[in-house]
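Here is a guided walk through one protein chain. Keep the structure in view as you read, and find each part as it is named.

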Amino acid sequence: AESPRFPLNTFFEPEPPDLMPGVCVQNLVKIFAGRTKPAVDGMNVTFYEGQITAFLGHNGAGKTTTMSILTGLFPPTSGTVLVGGKDIQIHMDSIRQSLGMCPQYNILFNHLTVAEHILFYAQLKERSREEAVLEMEMMLEDIGLPHKRNEEAQNLSGGMQRKLSVAIAFVGEAKVVVLDEPTSGVDPYSRRSIWDLLLKYRSGRTIILSTHHMDEADILGDRVAIISQGKLFCSGSPVFLKNSFGSGFYLTVVRKMKNTQGGGEWGSVSLGKSASTRAKPLRKLTQQ
Ligand SMILES: Nc1ncnc2c1ncn2[C@@H]1O[C@H](COP(=O)(O)OP(=O)(O)OP(=O)(O)O)[C@@H](O)[C@H]1O
Ligand SMILES: [Mg+2]
């Protein structure tokens, strides 16, 4: 972020003043036992209520570590996280009441059915049996698994297990929902149903979603936070980031199709004006 080629404000969009911060990560550091290099290295990032924030970063950037700390899985080495204004180091028990988590790797009970999982987690969040049943019915519809309600988790396909894990993160009206690569290993149709679920439940919630899919970050993310080597690298709306870093060229390649019915002659199937390679400048590369 200190590169002289870019002024600082091309990396960080000003914080939205009208929104409530849902989760504030403050100077967070995590050094795992026996390691010298921090997994999270002085991270500062805010996630806002009513928004989905896409959390992007290379393998090993520190996404899962940050999410694990803010959900209370293990403590930070230093720094802290405020969830709904409460410090995870002091108020983790009360934070858990309104927190939902979909971990990177499914943690499901092999012999509980889909319906039993949702009922179990809803009641853990202090819903009455009747409320839990209502929520379960709605969730089954929303994730497209009503026909699998009585199937044991161990007999679900990988994608279905993922969808169940996402549903569990939302039960009990969780206000802060942390989703670690929720759509990994999910087919495109099911991915769409997870997107619909997130958009339906976004209002009033702080949703943090890590992903390696750029299209997913673009479509779902009200804001995108990109981390690298345990630090926040840049953050802002997809439009802001595209304006800051999206300079370059679109290359459209059009290939003449061989007319297979016409005895080897080149056919007239072409998608461009002249079947050629066209490069269209998008924006002048002002920073380089
Ligand atoms: N339990 C652990 N003990 C020691 N080191 C760990 C542990 N968990 C993670 N790390 C290290 O911390 C760094 C960050 O890992 P993390 O899992 O947070 O990355 P990530 O951004 O989630 O990556 P991915 O996209 O692959 O899921 C890595 O260098 C990793 O090797
Ligand atoms: Mg991870």
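Start with an open sheet of 4 strands, in the order 2-1-4-5, with antiparallel pairing. Its edges are strand 2 (40–48) and strand 5 (86–87), each of which pairs on one side only. Keep in mind that this is a predicted model. The mean pLDDT of the chain is 88, and 87% of its residues reach 70 or more. Residues 267–288 have a pLDDT below 50. In the model, that stretch still has 43 contacts beyond near neighbours in sequence.

What holds strands together in a sheet? Strands pair through backbone hydrogen bonds, and the pairing can be parallel or antiparallel. Look at strand 1 (residues 21–30) beside strand 2. The two run antiparallel and are joined by 7 bridges. Proline 21 shows one such link: its bridge partner in strand 2 is tyrosine 48.

Stay in strand 1 and find glutamine 26. Is glutamine 26 buried or exposed, or something in between? Its relative accessibility is 33%, so glutamine 26 counts as partly exposed. The limits for that class are 20% and 50%. Which residues does glutamine 26 touch, leaving out those up to four places away in sequence? They are Met43, Asn44, Gly79, Thr80 and Leu82. Now look across to threonine 46. It lies 20 residues from glutamine 26 along the chain, yet their C-alpha atoms are separated by 8.5 Å.

Next, move to strand 7 (residues 176–180). How many of its 5 residues are buried? The count is 5 of 5, and the strand is mostly covered. Side chains in a regular strand alternate between the two faces of the sheet. Check each face of strand 7 in turn. Val176, Val178 and Asp180 lie on one side, and Val177 and Leu179 lie on the other. All of them are buried, so both faces are covered, with buried meaning under 20% relative accessible area.

Leucine 179 has leucine 209 of strand 8 as its bridge partner.

Now follow the chain into the loop between strand 7 and helix 6 (188–200), where glutamate 181 sits. Most residues other than glycine have a negative phi. Glutamate 181 is not a glycine, but its phi is positive, at about 50°. It is buried, because its relative accessible area is 11%, under the 20% limit.

Glutamine 229 also has a positive phi, near 50°, and is not a glycine. Find it in the loop between strand 9 (223–228) and strand 10 (231–236). With a relative accessible area of 46%, glutamine 229 is partly exposed.

Finish on the surface. Phe109, Phe120 and Leu124 form a nonpolar patch there. Together they have about 290 Å² of accessible area. Leucine 124 belongs to helix 3 (residues 114–124). Why does leucine 124 count as exposed? Its relative accessible area is 53%, and exposed means over 50%.

Note on methods
Residues numbered from 1 in each chain as written. Chains lettered and ligands numbered in written order. Predicted model: local features only at pLDDT ≥ 70, side-chain atom pairs only at ≥ 80, totals over all residues. Heavy atoms only, no water. pLDDT = per-residue confidence, 0-100. Contact = heavy atoms within 4.5 Å. Patch = residues over 30% accessible without salt bridge, like charges linked within 9 Å, V, L, I, M, F, W, Y side chains within 5 Å. Areas by Shrake-Rupley, 256 points an atom, 1.4 Å probe, with all protein chains shown as cover. Salt bridge = Lys/Arg side-chain N within 4 Å of Asp/Glu carboxyl O. Buried < 20%, exposed > 50% of the residue type's maximum accessible area, 1.4 Å probe, protein only. Pairing = 2+ DSSP bridges.
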